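Hello,

Here is the structure I promised to pass on to you. Have a look at it first, and then read my notes below.

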Amino acid sequence: MLKERSQEVTKFPRNKILVAFSKYEKHEKEVVLKSVFGELSKDTFGNEQKILKGLTWKTKYYTLVYDLYIDEYESLKDWLADLKSDEYIELRDVLAGIMVFDKFTDTLQFQDISQILETPELEKCFKICCNVDKHADGLGMSKINDEFAQRLTTLEVVNWSTCDELDEYGEKNGKARIKEIIDTHDWSACSVPLELANSNDIPAGDTEAEDDLNIEVILRKLQQARLRFASQELDEKDASTLAEEVAGEIMKYV
Amino acid sequence: MAIQFILCFNKQGVVRLVRWFDICQVDSQKPQDMIVQIYRLISSRDHKHQSNFVEFSDSTKLVYKRYAGLYFVMGIDLQDEEPIYLSHIHLFVEVLDAFFGNVCELDIVFSFYRAYMVMDEMFIGGEVQEISKEVLLERLSILDRLN
């Protein structure tokens, strides 16, 4: 039964991002969501709309359609416990990423979060703990990331309040880093239409040729030829004549 | 054989580029296990106070450098001089940057064939072939136009 359930659930693409805010840091919510995800529905902030479907994430290589789930919590520990419980297994199966925005004053909190979020369903998810504390120690968070890397944990701690967009290694900080994590996440399992990064690279003549090239027609011709060959008893001469005929037909489309 | 392998992975340990030049020199363990070991070893180092060179096994030492969230690693023989290979890594990254135009991780993910084209133009059979950035970029632009 579990196998059937898991097969059923995996039909849904992993293109949901869950964003959770502490109830005490709600004032940051609008700024954070706008900075990372761009302009969202006005109801998101007004009428507390919590599920936003069909949003678009664009990069120079692909366009992604994703859903955004926005939640709030009073106690992070309880919220994580709920997320890890059996009731939310279907949610975990469709999540591509989890982001938690809070004021983290104690580095041990990150360790606890990392332990809770390391479940098999969330193995392929990106997990971000974003510290909105204005006095956060960037160096400390960097050290924690190095520790997590060593333990092969996928959780990353990001300093939201940093002024510098780049750190000493030329790596992105703050919201730029969050966007980078989303950009480089493996979205291949979702329906992600690839768009050309720069259409100016391709001369107009080539695109016209591509429009004429109908792969489906060619494949159908090849399949028909194969069936003809299989159904008739042909000697070598007849087989090569048939092959030439088929090649001639296909060349019209190339 | 000077360079045994070239590896590029991000901060999460996701491999972006890998080229093995001499499998025999590599210890008898699966490449995937080796990559995990290399990632663990390098990510645990203090990048401010420790060098970019670390001994990996009886036959291999690692030369690595971190650029904007990506680690570029070369496995070399124990007798080889590390600073030379560090400069090769730097040249490789400079050429990538010039070729792609402000290269980022997404470029390497989605245009990996072009990144490998750069690598193959610079390194063949574990040896450096060309160290002139201008010559490399000229050759690469010709190859790119063929595509």
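Let's start where the two chains meet: 19 residues of chain B are in contact with 18 residues of chain A, contact meaning heavy atoms within 4.5 Å. Before going on, please keep in mind that this is a predicted model, in which local features need pLDDT of at least 70 and side-chain atom pairs count only at pLDDT 80 or more, while totals for chains, interfaces and linings use all residues. Residues are numbered from 1 along each chain as its sequence is written, chains are lettered from A and ligands numbered from 1 in the order in which they are written, and side-chain values use heavy atoms, with hydrogens and water left out.

**The interface**

The size of an interface is often given as the accessible area lost when the parts come together. Here, chains B and A bury about 1900 Å² between them, with 51% of it on carbon and sulfur atoms (buried area is the accessible area, taken with a 1.4 Å probe, that two parts lose on being put together, summed over both). Of the area that chain B buries against chain A, 27% comes from B:Arg66, B:Leu106 and B:Phe110, more than from any other three residues.

Four salt bridges cross the interface (a side-chain nitrogen of Lys or Arg within 4 Å of a carboxyl oxygen of Asp or Glu).

**A residue to look at: A:Glu171**

Where does A:Glu171 lie? You will find A:Glu171 in the loop between strand E6 (155–159) and helix H8 (174–184) of chain A; helices (H or I, at least four residues) and strands (E, at least two) are DSSP runs, numbered from the N terminus. A:Glu171 counts as buried because its relative accessibility is 2%, and buried means under 20% relative accessible area (1.4 Å probe, protein chains only).

Several partners of A:Glu171 are in chain B:

- B:Lys11 forms a salt bridge with A:Glu171, and their closest N and O atoms are 3.4 Å apart.
- The side chain of B:Arg66 makes a polar contact with the side chain of A:Glu171 at 2.5 Å (a pair of N or O atoms within 3.5 Å; within protein, one must be able to donate a hydrogen and the other to accept it, and residues adjacent in sequence count only if both atoms are side-chain atoms).
- The backbone nitrogen of B:Gly69 lies 3.1 Å from a polar atom of the A:Glu171 side chain.

**Inside chain A**

A:Phe101 sits in strand E4 (residues 95–102) of chain A and is also buried, with a relative accessible area of 2%. A:Phe101 and A:Val19 are 82 residues apart in sequence, yet 7.7 Å apart in space, C-alpha to C-alpha.

Happy exploring!

Key
Buried means under 20% relative accessible area, exposed over 50%, partly exposed in between (1.4 Å probe, protein chains only).
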